[in-house]
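Here's a quick tour for anyone meeting this structure for the first time.

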Amino acid sequence: MDLAKSGIKILVPKSPIKSRTAVDGFQSESPEKLDPIEQGQEDTVAPEVAAEKPVGALLGPGAERARMGSRPRIHPLVPQVPGPVTAAMATGLAVNGKGTSPFMDALTANGTTSIQTSVTGVTASKRKFIDDRRDQPFDKRLRFSVRQTESAYRYRDIVVRKQDGFTHILLSTKSSENNSLNPEVMREVQSALSTAAADDSKLVLLSAVGSVFCCGLDFIYFIRRLTDDRKRESTKMAEAIRNFVNTFIQFKKPIIVAVNGPAIGLGASILPLCDVVWANEKAWFQTPYTTFGQSPDGCSTVMFPKIMGGASANEMLLSGRKLTAQEACGKGLVSQVFWPGTFTQEVMVRIKELASCNPVVLEESKALVRCNMKMELEQANERECEVLKKIWGSAQGMDSMLKYLQRKIDEF
């Protein structure tokens with residue numbers, strides 16, 4: 001039903017740009033200087049709809065911002081619905097922007113209430129949307145939303161956000177607890193890093209969802225597999241760790257890590273393989289390998305002595321000393337420590353500054369820093385994985401891990 005026939009009128013404020021008066025010597029903009037998009041939108045409004053709000057009427061959030069002098073958004077957050085405006089859509093528009101979306105009302109009116117749950121469906125919708133809007137200005141936020149949806153279908157244990165100049169990878173494991181690492185999680189991280197290495201990302205930001213950064217290896221997963229065939233499964237697990245660590249060693253673009261909480265075992269060992277590490281004040285770091293009943297991994301036998309000295313490295317690797325965020329910063333494991341309340345904001349400000357740099361300069365600078373370390377790290381990774389395979393394949397190694405888990409159960 002058309003608005004002209006229904007008698008429904010929508011009162012909207014006069015354009016804040018046209019109605020702006022001269023204040024403190026600044027003249028209001030002339031109509032010919034307005035954006036062509038806004039002019040086109042005004043031409044399509046019916047005369048009875050374009051009536052001015054009466055004096056004393058309540059202003060919606062957008063109109064209030066316009067009255068205070070800030071310019072409202074010009075590009076819509078959702079694509080415009082072609083065709084006449086219906087009464088159902090007018091209802092969603094008439095309640096100060098708090099009604100239902102006219103785009104969703106149009107979908108419901110057409111009977112389109114189901115959402116595609118496959119990557120193919122998302123891709124088809126994206127293609128159709130681009131074809132329909134080919135002659136209209138394109139909003140980058142919509143493209144970002146499609147990428148987010150595709151990422152959600154592609155990964156189960158991580159979240160990948162492609163942002164301007166960088167890729168954000170967040171650990172959010174569903175196949176393990178406390179963002180611990182099993183072969184599935186490690187493969188997803190490797191896949192996301194490979195994609196970031198090939199696209200236009202200048203760097204990668206690695207962080208985690210929740211209050212824990214990473215609890216290292218998923219021992220419950222490993223023990224379940226080791227009870228079947230120790231020799232075969234220990235080889236597979238050692239190979240998974242080798243490939244995972246080598247991905248960090250060989251990655252050419254800068255990797256920035258935002259540690260929001262505890263980093264334990266392999267979750268702490270991979271930090272020196274990254275380029276910058278920022279930590280939340282509440283984060284702490286521990287590598288209690290002897291308590292786990294296993295040997296060190298993640299090239300920690302090489303990198304820890306390099307950055308913090310032999311004595312401190314042995315304290316962490318042999319006795320499992322726990323470091324606070326400030327202690328880790330003092331020993332060189334962490335670059336900076338930020339207050340928990342502003343941690344995310346501090347990280348994003350610095351990430352955007354780095355992402356504004358020349359990508360060639362970033363990549364070449366990392367290559368110069370790491371050029372003499374790559375072969376040494378790959379050899380260290382190989383040695384560590386061979387020792388892990390030997391320990392996991394033995395009865396003593398299996399007993400040590402079972403005792404560790406039993407102690408944790410008793411403590412709980």
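Two strands pair if DSSP finds at least two bridges between them. Helices (H or I, at least four residues) and strands (E, at least two) are DSSP runs, numbered from the N terminus. What you're looking at is a predicted model, where local features need pLDDT of at least 70, side-chain atom pairs count only at pLDDT 80 or more, and totals for chains, interfaces and linings use all residues. Residues are numbered from 1 along each chain as its sequence is written, and side-chain values use heavy atoms, with hydrogens and water left out.

- Six strands make up an open sheet with mixed pairing, in the order 1-2-3-4-6-9.
- Strand 1 (158–163) and strand 9 are the edges, each pairing on one side only.
- Strand 1 and strand 2 (residues 166–171) run antiparallel, joined by six bridges, and Ile158 sits opposite Leu171 in strand 2.

**Around strand 6**
- Strand 6 (residues 276–280) is largely enclosed by the rest of the structure, because four of its five residues are buried (under 20% relative accessible area; exposed is over 50% and partly exposed in between, with a 1.4 Å probe and protein chains only).
- Strand 4 (residues 255–259) runs parallel to strand 6, with four bridges joining them; Val259 stands opposite Ala279.
- Three bridges tie strand 6 to strand 9 (residues 336–338), also in parallel, and Trp278 has Gln336 as its bridge partner there.

**Nonpolar cores**
- A nonpolar core is a set of buried Ala, Val, Leu, Ile, Met, Phe, Trp, Tyr and Cys residues joined through side-chain atoms within 4.5 Å.
- The largest one has 72 residues, and those touching the most other members include Phe213, Phe244 and Trp392.
- Helix 10 (residues 230–250) gives this core its largest share, eight residues.
- A second, separate core has 13 residues, among them Phe166 and Phe343.

**A helix pair**
- Helix 8 (residues 183–198) packs against helix 10 at an angle of about 25°, with the axes 10 Å apart.
- Axes here are lines fitted to C-alpha atoms, for helices over the stretch in contact, and angles run from 0 to 180 degrees between N-to-C directions.

**Cysteines**
- How many disulfides (pairs of cysteine sulfur atoms within 2.5 Å) are there? The count comes to zero.
- Cys385 is in no disulfide, as the nearest cysteine sulfur, that of Cys299, is 8.2 Å away.
- Cys385 is buried, at 1% relative accessible area, while Cys329 is partly exposed, at 26%.

Definitions and conventions. A disulfide is a pair of cysteine sulfur atoms within 2.5 Å.
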